[in-house]
Amino acid sequence: MYVGTRRVKILDFDKLRKGIGAFLLVSFIVLSMATPFQKYVKIPKQLVLFQGQTAHVPVFGSVQTITTGAVSVQQKEKLAISGEHVGESDVILQMAGFPIKQVNVKVLPDFKVVPGGQSIGVKLNTVGVLVVGHHLVETEQGKQSPGETAGIQVGDAITHINGKKIEKMTDVSPFIEEAGKTGKPLRLTVARDRHTFETTLTPLKDKHDQAYRIGLYIRDSAAGIGTMTFFDPKSNIYGALGHVISDMDTRKPIVVRDGTIVKSTVTAIDKGRNGSPGEKLARFSSDKQVIGDIKTNSPFGIFGKLSQPIQNGIFDKPMPIALSTDVKKGPAKILTVVERDRVEAFDVEIVSVTPQKFPATKGMVIKVTDPRLLEKTGGIVQGMSGSPIIQNGKLVGAVTHVFVNDPTSGYGVHIEWMLHEAGINIYDKSEQKAS
């Protein structure tokens, strides 16, 4: 009887333990579904504000806050955290004397840029000469391509010949003629991706015109149009396009030696359709006046310095920017040109946003909703890249790509990363030049 009674007690203890576990589980589920719990879970652990900016945080009931230094806190319907001074503070939320959440707040110096929207002409000069194709030289012994024999590929850049720096196509011809006369092969320094190598190339005589050839198609410059995104009124550093410029034949990014931007005028629109992206047709302004240089061609656009401030006629005063974490799904506007050189604002919808802690090119998806723009262009077209995206009075990013199968939609890049690529450090009072 004793053994049996002991077994019953053990069984009763197991039932009690399971009952307590079930109660705690149900309590946790109910608690997690409760409005107060959900609100406090959604409160971010960290906020980044510009000086003078206020973030509103939803809370349940009355809470006490403990804060120091850079921020001030007020509570009405929501908790308002304001950036008072540049620096960093912790805001501790308490209820009934118990801490329930700690929020780290960084306050950055107030920073504003002037949005663009203007159509610009882009002229780039490559580092060295860019190889865009091979061709066969017809010799007395048959057809051959000296460049291909030398191991040179499409997309390579020839930077030196016989130790001499090559900057343009006209620099190459004298070396070819000299090698043809002497019979000595050319010593080439070739850049491929981020590496360089040495090779030799022997020009061959074309049997038709008796001229020496290297069996390569080369190019030393590129040109096109795009859209200005922003410029910093203090330094005149600008950013445009929002994506890298690639060679039309090799499809590889162009390594820039230098370049310039000029004003351009839109003459016509090739309307976009499903499966066929449209295009702005434009010409460089007749005076071809240079308005800036090009220092950098990167995945986030082209960057340099304006020689003079420019205006778009809509938003010509400096405007706040939004960090990637501040951009929200919802209505926005883009600034771009569809007729001549007049910048206009058009309605779009930000349909998805990716808050990014590190630079990345595809930060948001936008959809054109403006009936006039849809009628005129069909949506996003080539040449619109760089068009600034504005939401709630802040510059949030730039248009970069169109979806081929849906020209009404495309990608945008966060302005935060364009500023970073331009060498503008928004996290510090000091600003650096684009390099």
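Strand β30 is largely enclosed by the rest of the structure, because seven of its ten residues are buried. The model is predicted. Residues 394-403 make up β30.

The strand has a partner on either side in a barrel. Six strands close this barrel, in the order β26-β27-β28-β31-β30-β29. Their pairing is antiparallel. From one strand to the next, the twist averages 45°. In general, the strands of a sheet pair through backbone hydrogen bonds, in either a parallel or an antiparallel arrangement.

The pairing of β30 with β31 was examined next. Strand β31 spans residues 406-414. Six bridges join β30 to β31, and the two run antiparallel. A hairpin connects β30 to β31 through two residues. Ala-398 stands opposite Val-413 of β31. Gly-397 has His-414, also in β31, as its bridge partner.

Strand β29 covers residues 388-391. Four bridges link β29 and β30, again in the antiparallel sense. Ile-390 has Leu-395 of β30 as its bridge partner. These two strands also form a hairpin, with two residues between them. Asn-392 sits in that turn. Its phi is positive, at about 50°, although Asn-392 is not a glycine. Asn-392 counts as exposed because its relative accessibility is 70%, and the cut-off for exposed is over 50%.

A positive phi also occurs at Asp-193, a residue other than glycine, where the value is near 55°. Asp-193 lies in the loop between β14 (186-192) and β15 (195-201). With a relative accessibility of 66%, Asp-193 is likewise counted as exposed.

His-243 is found in the loop between β19 (237-240) and β20 (256-270). Its contacts, leaving aside residues up to four places away in sequence, include Thr-400 and His-401. Residues 394-403 form β30, so both of these contacts fall within a strand that is largely enclosed. His-243 also touches Ser-298, Pro-299, Phe-300 and Gly-301. Ser-385 is another of its contacts. The side chains of His-243 and Ser-385 are joined by a polar contact of 3.1 Å.

The structure holds 15 salt bridges. Asp-347 forms a salt bridge with Lys-333, and the closest N and O atoms are 2.5 Å apart. Asp-347 belongs to strand β27 (residues 342-353), while Lys-333 belongs to strand β26 (residues 330-339), so the pair ties together parts that are 14 residues apart in sequence. Strands β26 and β27 stand next to each other in the barrel order. Asp-347 is partly exposed, with a relative accessible area of 31%. Lys-333 also counts as partly exposed, at 36% relative accessibility.

A second salt bridge involves the side chains of Arg-342 and Glu-339, with an N to O distance of 3.7 Å. Salt bridges that share partners extend this pair into one network, made up of Glu-339, Arg-342, Glu-344, Arg-372 and Lys-376. Arg-342 is partly exposed at 45% relative accessibility. Glu-339 is partly exposed too, with a relative accessible area of 31%. The strand limits place Glu-339 in β26 and Arg-342 in β27.

A further salt bridge joins the side chains of Glu-167 and Lys-165, at 3.8 Å from N to O. Glu-167 is partly exposed, with a relative accessible area of 29%. Lys-165, in contrast, is exposed at 57%.

Notes: Residues are numbered from 1 along each chain as its sequence is written. This is a predicted model: local features need pLDDT of at least 70, side-chain atom pairs count only at pLDDT 80 or more; totals for chains, interfaces and linings use all residues. Side-chain values use heavy atoms; hydrogens and water are left out. Two strands pair if DSSP finds at least two bridges between them. Axes are lines fitted to C-alpha atoms, for helices over the stretch in contact, and angles run from 0 to 180 degrees between N-to-C directions. A polar contact is a pair of N or O atoms within 3.5 Å; within protein, one must be able to donate a hydrogen and the other to accept it, and residues adjacent in sequence count only if both atoms are side-chain atoms. Contact means heavy atoms within 4.5 Å. Buried means under 20% relative accessible area, exposed over 50%, partly exposed in between (1.4 Å probe, protein chains only). A salt bridge is a side-chain nitrogen of Lys or Arg within 4 Å of a carboxyl oxygen of Asp or Glu.
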